[in-house]
Each structure stands twice: as structure tokens, then as C-alpha cells.
Amino acid sequence: FTTLEELTESYNSRDFGQHITLTNQRVPLSFNHLEKVVLSNPRQNNNELFEISLVMLQNYINFKFGESIADFQTNIYTYILKQKDCLVTDYLERNIYDFVTEVILPTEANTKEDIDTVFRCIKLLEYDKNLSIQLIQKMDIVMEDLKEWYRTITAKNEEVKPLVDTFLAENKMLATIENLDTYKEKYKFTDELCNFVDANIDELISDENLDDVHVKEILKKDIQNETIEKILQNYAMESLGDNLNNYNQNVVQKMIDQRYFKYTRSRYNEIQSSFDRLLPLFIKRYWKEFEQDISNINFELTTIDVLFKSNLDDEKKTVILNGVNVSQMTREVFDFVRDTDVSISKKYVQETWDNLETKDRPAFMIKYFSVFSISEIENMFAQMPKEYQALKRMDKRHEVLLEKNAINEVLCQKLKDANYISSYGSKIERNGISTSDKGKLFARVRAKR
């Protein structure tokens, strides 16, 4: 071509894609709008002639089809690739950074590029971290086969890890056991993979490739409680042969709560030694099996304390107590015997009495009055607060004054029923110093026989 008019005429005949030369030199032209041709300064990047912009590319597609293509802006690069116009494609890919930064990313509607187009773009960008991550985040894509993609990449594994992690974080990778295995082979079981598992556990559970090995591995990682529950509820292992120490406490707790494994003495020992806080839950959930095994268990003092501090019901605690030696009773056990309304064997009641604070003994005597003989009761008065010590029988009948309160009224009634006192009643004690009178109970103690 020797004139602009000839160049324009060639464009109008749709022959604009050929090289434009003049005395073996490229003409210094810039095509920034395909509806007109304007003279401009040459592009400095290999003397490329066309400005890369959405307007230029939209008009190119409209011109090629003879009509406006409405959805072109939703998948620009993919649409152009489908035209198989090597000159245009080669031009754009030689200037891929401009194409990505000036068209693909800024075009808001452009979110429907094919996954293969995204892979192609990332490779042309030489796995540029920033631009590649932006592409992955922008596009509505799903990577189906991580292993297959690895076969095509030319960068090192660590260089593309941020890109793979973006696929995980954006939940744009198909949740399959095969993809998990491929990722682990490259990068191990990372926090990013844990988050991906949490987000896609339903799909992973339904994968036919899921097996005991995978489940055990997942359960040993830092995953959410909801994920743990779904796995345990929906996947039954053939055998959980692992030591529970290999799992975090929250996982073991969920296993116990769902009776995920069978009761054995070794399981009891594992929990007692490594997860003592879970022992009450273990006993509660496996009570039938545990109760049959109690006689074979030597309870440690720390274990006894844990169990009697727990929210196990009093009936279960009483059964456990019957398997405890009197010499092993701890403060927690004493408090339990003092406060419970469940029937307790006399040897534990007596040991508790011997270890009670003096102030707690009147109420304790009332609770367990029927456990002791009347002669034992009489001897126990000597271990009670001073006012009760006078209740000990003497050679002659005598009267004892006690504070008038509910405990003492019940005690007097029990002593009367046992024929230890002949009668009791209220009495006003006059205070010679002040005008106040104090209500008292009198009890007439029978003489010794």
C-alpha cells in the first residue's frame, strides 16, 4: 500500500489482517478503533500496530460476524480463541500482559472464560502470581483435575502453590479425593486444604474413593467440629485401630459422644490417661459396658476426683463409689456422700463422718441417722459442736438446751422416736442483760440403763 486510502480500502474489504509493509518497513500506524484508521505513533513493543482495548476487540468481533455480539464481553478471550484467527490470537498473546490488564480483568462482565482459557492465560503470564490470582478470583470456573493441570505447567510446584491455594480458597476446585491426594503429594496437608475440606465435606464423604485411611488422616487435622460430626455420622470405619492419642481432644469427644468405637479396657485406659476430662462422658455413653467392668478397674485418686466432680448422675456415682476403696475417698467423694440423697453403704458414710468439718455433722447425722445404731449416735455426740455433747446420757435424766432451728427439731424428733429422749419442746431463754429473748429447744435425755 502506498496511501492511507488504499490501506482503508483494504480494511473495508476485510483484508486488514495482513502485514502492512512499505520498503520492507512496518508502517507507523496504530489501529485503536476498527471503524476508522488513524495515524499515530508506533507502539514501542515490537512495533505492534493495534491498540489492545475492549472497544477494538468488540468491533473486531462485530465486524467479523457482521452484527453486534451481545455476550462477547462475558468471555472475551475464549470467544476470540474460538474464531481460530491465528493473526489476532498471536497478536494478543504476544501482548498478553496488556490483554489481561487492559481488557480481561477490567471488563466487569468478563467472568465466563473457560477453565482451559484461564489455564492458557496463566501459562502465557508465566504464572505471574498477582495477575494469575486475580484471574482465578474473577472467573466462574472449576478446576476438575489438579493432576492433569500439573502435567501441563512449566513452573516449579512452589511457584504455583499460591495459585492452587487460591483455587481452594475460592472453592473453585472440584472436591474429590483424587484432587486432595494430588495436593497432599505436592504440599502436604496444609491449613488451606483443611479449610477446603471444611467447605466441601459433604462432597468428599460421597466420593467412592474415600476410605479409612483418608478419614483417619482428615480427623487428625485441624478441621471444624461440624466437619468432624459429619464424618463420624456418615462414615463408618471398618476398624479404628489407632491410638486415640493421635487425635485432638475435640475429635475424641465427638467419637465418644457418637459411640464411634467399641468399649474395651484399653480404650478406657487411653481416655483415663490422656483425656481424663472426657472420662465422665465416656462412662456415661458406655455405661452398660463400663458397669460390668468396674470390679476390674483400679481407680486412681485423680480419676476419682474427676468422676465425682463431673455431672454424672448420683446413681452412677454411687455405683462407682462401691468400686472404690474407703482409703481412696477424697474430698470430692466426702462432699458427694454429704450432699447426695442416694443410699450409701455404711462404710463410706462412716468414713465421710470422720472427715467432715464439725459444723457439718448435725445435718449429716440427720441424713444418715438410720445408718447408725443408737449407741453409735450417742458416741458421735462427742464429735459434734459443744451444745450437742450434752446429749450424751448420764446416770440421771437431764435436760439439754439446743438452738431452735429446723435441723435440731428433726434431730430431737428422731431421738424421741428412738426412745433416746423422753420429750422435747420450745423454751424461752431469758436474757438478763438485754430485753431480747432467745428461742430454744429443750430435750429431756433419758438416764443410762
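**Ground rules.** I'm working on a predicted model, where local features need pLDDT of at least 70, side-chain atom pairs count only at pLDDT 80 or more, and totals for chains, interfaces and linings use all residues. Residues are numbered from 1 along each chain as its sequence is written, and side-chain values use heavy atoms, with hydrogens and water left out.

**Helix α6.** I looked up α6, residues 115-124 (helices are DSSP runs of H or I, at least four residues, numbered from the N terminus). Its buried residues (under 20% relative accessible area, 1.4 Å probe, protein chains only) are Thr117, Val118, Phe119, Cys121 and Ile122. They pack against α3, α5, α7, α8 and α9. Just past the helix, I found Glu126 with a positive phi of about 55°.

**Second largest pocket.** I got a volume of about 210 Å³ (the space filled by probe spheres set on the grid points, which are joined across faces, edges and corners). A pocket here is an open set of points on a 1 Å grid over the protein atoms alone, where a 1.4 Å probe fits, with protein on both sides within 12 Å along at least five of seven lines; lining residues have an atom within 4 Å of a point. Of its 14 lining residues, Ile115, Asp116, Phe119, Trp149 and Thr152 are the closest to the centre. The largest share of the lining, 5 residues, comes from α6.

**Core.** I noted 130 residues in the largest nonpolar core, with Phe299 among those with the most contacts inside it (buried Ala, Val, Leu, Ile, Met, Phe, Trp, Tyr and Cys joined through side-chain atoms within 4.5 Å).

Technical notes. Buried means under 20% relative accessible area, exposed over 50%, partly exposed in between (1.4 Å probe, protein chains only). Helices (H or I, at least four residues) and strands (E, at least two) are DSSP runs, numbered from the N terminus. Contact means heavy atoms within 4.5 Å.
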